[in-house]
Amino acid sequence: MPAEKYMKESIKVGEREMTVETGRVAKQADGAVVVTYGETMVLVTAVGAQTPREGIDFFPLTVEYRESFSSAGRIPGNYFRREGRPNEKEVLTCRLIDRPCRPLFTEGFKNETQIVATVLSADDENDPDIVAMNGASCALYLSDIPFPQPIAAVRVGLAEGRYIINPTYDELRESSLNLIVAGTEEAIAMVEAGASEVSEEIVVEALMLAHKEINRLCRWQKELYRALEIKKRDVAEASPVDEALRRTIEDKYTEPLRAALDTTTQGKLSSYATVDRLKKEVGEMYPEDDANARAVAKKVFNELKEKVFRDDILNKRRRSDGRRFGEIRQVTGEVGWLPRVHGSALFTRGETQSIVTATLGTKDDEQFMDDLEKGETKRRFMLNYNFPPFSVGETGRVGSTSRREIGHGALARRALDYVLPDDKDFPYAMRVVSDITESNGSSSMATVCGGALALMDAGVPLKAPVAGVAMGLVMDGNKYAILSDIAGAEDHYGDMDFKVAGTREGITALQMDIKIAGINAQIMAEALDQAKRGRLHILDIMETILAEPRAELSKHAPRIITIKINPDKIRDIIGPGGKMIRSIVEETGAKIDVEDDGTVFISTSDGEAAQAAVNRIRGLTAEAEVGAIYTGTVSRIVDFGAFIEIFPGTDGLLHISEIAPHRVREVRDELKEGQQVTVKCIGKEGNKIKLSRKSLLREEQARTNGASGENAAPQTEDDAARAATEGE
């Protein structure tokens, strides 16, 4: 039943107070809280159906997180001017909420449960995602839903050697680490991170610091729970399994199962088929019309399969495919596999394979995004991950991108983002697409490896190659085994899925989910160290495939030339109503993008067209430099001189005294309109340009006389008088 008691309490987290208020808003939900952090406010509700959902073997939990642009005082930038389908940030936040919460519901609870987090107010300092994660725990824990212990979440940044709890947006932009950690009072349950090649030691320190804050927040939630006198619903316990049946199945199927799970002599699909056949045999121990008995027998079989798998690892110290715990499966790769794309890689590790392509584009190809913090923004690097059902030998729906695909793509993008060249040095938009063609564990890390190779194949000057490896853990009491490069079964039956990506110098991305009560700092450090060895091994192999980025871009990629102009000259390129820039595009076929700071990007696959566009723009925006020599056209003659057009639309004054080395009485005696003349810039005053022809003629005559060995004759009346005086 919905809680009716009102409570509002605060606790300091990082540099500011976090306030939780319940009993005021959404009182018909089973649990509802408004969490405030700074001026960011998130409403989080939790509702659990009163009756279980029949005929399912999973927990039906759904999580929704929505950002309203009105919360930041903005109107959506899309055509409809209203919020539409969840964007990438919203989907990723849903996953951040779901992953640590899902394992903690009371076992056997199968009621439809929904968590909805709505951003009500968003300031320009605090990201609502951490607020929503803490709100989800409060909404569940401070309700009658069987969620028996709270979780908490914090973000950790690292700037100038100092760790920051829940850094602001500005602090995060200066941080070399963006680490999100969620956990219970006893242990870490989930990690998501991007980093700028930080060391394993720094990651462990940050995780331990985060958990101290999490522990304090969980204990605080327990105090609220006691004050509200919450009573949790009862969950019906499953009927006990007949021990005679369990012994019968174990005696008959333990060794056949062990042989079926052994993949040293068979592939994944063959192993799965054998296990399915044994499971079918177990079900057929009972009549077809006794569905309940068959279901119980299959449940016992599944439990036995997990028991055999874990026993092999913990007690026999043996993995199902025969590898050592720290051993990486065979890695092969090929670049330039696809002839027409800008960059490509076929990357295979064991039975996991990805075809990865890299495409280069211009500023027009950047992804436009509606961002709660900044409004409309652009993203120059995009990574899309696709997981078709045939990759695991199944049929299934092929349609819109799943949340899992979005999550895996975001992880791989973070891993590669930190090694991309600066846009000032490499002004291209980049898109990487990973199509998983086979999967048996850690396809997201195959995407990272293949993505790095494809980008280098396209000629993108990465700061360093990046590789990734997925780590696993099997733990029972004091016994544990850390597994490198886990396969699908090891992920399913193991206690941890820990993905680590990075360069030789350090980590660029992390993602961890833990299913057990917790792991200590020693195990965490061991896992990171073992992951580093695996990462370096894969990087060694990648270097044999492609040691460094191609020196030249693909012949199919656009060429982008960057030039810088005076921002005041932008209007000269654009022209009235865009007339001038359209004419340049039509004449040259080049694509032209002009930034507000005067940076001009000229892109085309035709080198001559690019140079023609550069010449046109240079001509429109060129500025005279004192001491420079120009060939111009006499555009207008006046009594005191002539105006010379040295650039299209730019005139300088050639004063009558600077036309020739001798005295000029009439300008038209020396110059005619339309005449080509060579002049030198001798001064600038604001927009006025002073030119000289006389100085160039003198220099030319001096060179001529010097070459003939004669003294230069006086060229003006003043010179003649001075020469006569000197001769007396």
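**Reading cavities, pockets and a helix face**

Author: Y37, N126, D127, I130, V131, R155, N166 and P167 line the largest cavity. The model is predicted: local features require pLDDT of at least 70 and side-chain atom pairs 80 or more, whereas totals for chains, interfaces and linings use all residues. Residues are numbered from 1 along each chain as its sequence is written, and side-chain values use heavy atoms, without hydrogens or water.

Reader: How many cavities of 30 Å³ or more does a search of the whole structure find?

Author: A cavity is a set of points on a 1 Å grid where a 1.4 Å probe fits but cannot get out; lining residues have an atom within 4 Å of a point. The search finds three cavities of 30 Å³ or more. The largest cavity holds about 70 Å³ of space, a volume being the space filled by probe spheres.

Reader: Which residues lie nearest the centre of the second largest pocket?

Author: A pocket is an open set with protein on both sides within 12 Å along at least five of seven lines. Here N178, K374, R379, R413 and D417 lie nearest the centre, among 49 lining residues, and the volume is about 1,900 Å³.

Reader: Which element supplies the largest share of that lining?

Author: Helices (H or I, at least four residues) and strands (E, at least two) are DSSP runs. Helix α1 gives the largest share of the lining of the second largest pocket, seven residues. Elements that each supply at least two residues include α1 (88-101), α2 (128-141), β10 (188-198) and α8 (403-417).

Reader: Which residues of helix α13 are buried?

Author: Buried means under 20% relative accessible area, exposed over 50% (1.4 Å probe). In α13 (residues 579-588), the buried residues are I581, S583, I584 and T588. They cover an arc of only 160° around the axis, so they lie on the same side of α13; the arc is taken from axis to C-beta directions. On the face turned away from the buried side, α13 carries the exposed residues K579 and E586. G589, with a positive phi near 80°, follows α13.

Reader: Why does S444 count as buried?

Author: S444 counts as buried because its relative accessibility is 1%. S444 is placed in helix α9 (residues 443-457). Leaving aside residues up to four places away in sequence, S444 touches Y385, H408, L411, A412 and K499, a contact being heavy atoms within 4.5 Å.

Reader: What pLDDT does the protein average?

Author: The predictor's confidence in each residue runs from 0 to 100. The protein averages a pLDDT of 89, and 96% of the residues score at least 70. Over residues 710-728, pLDDT stays under 50.
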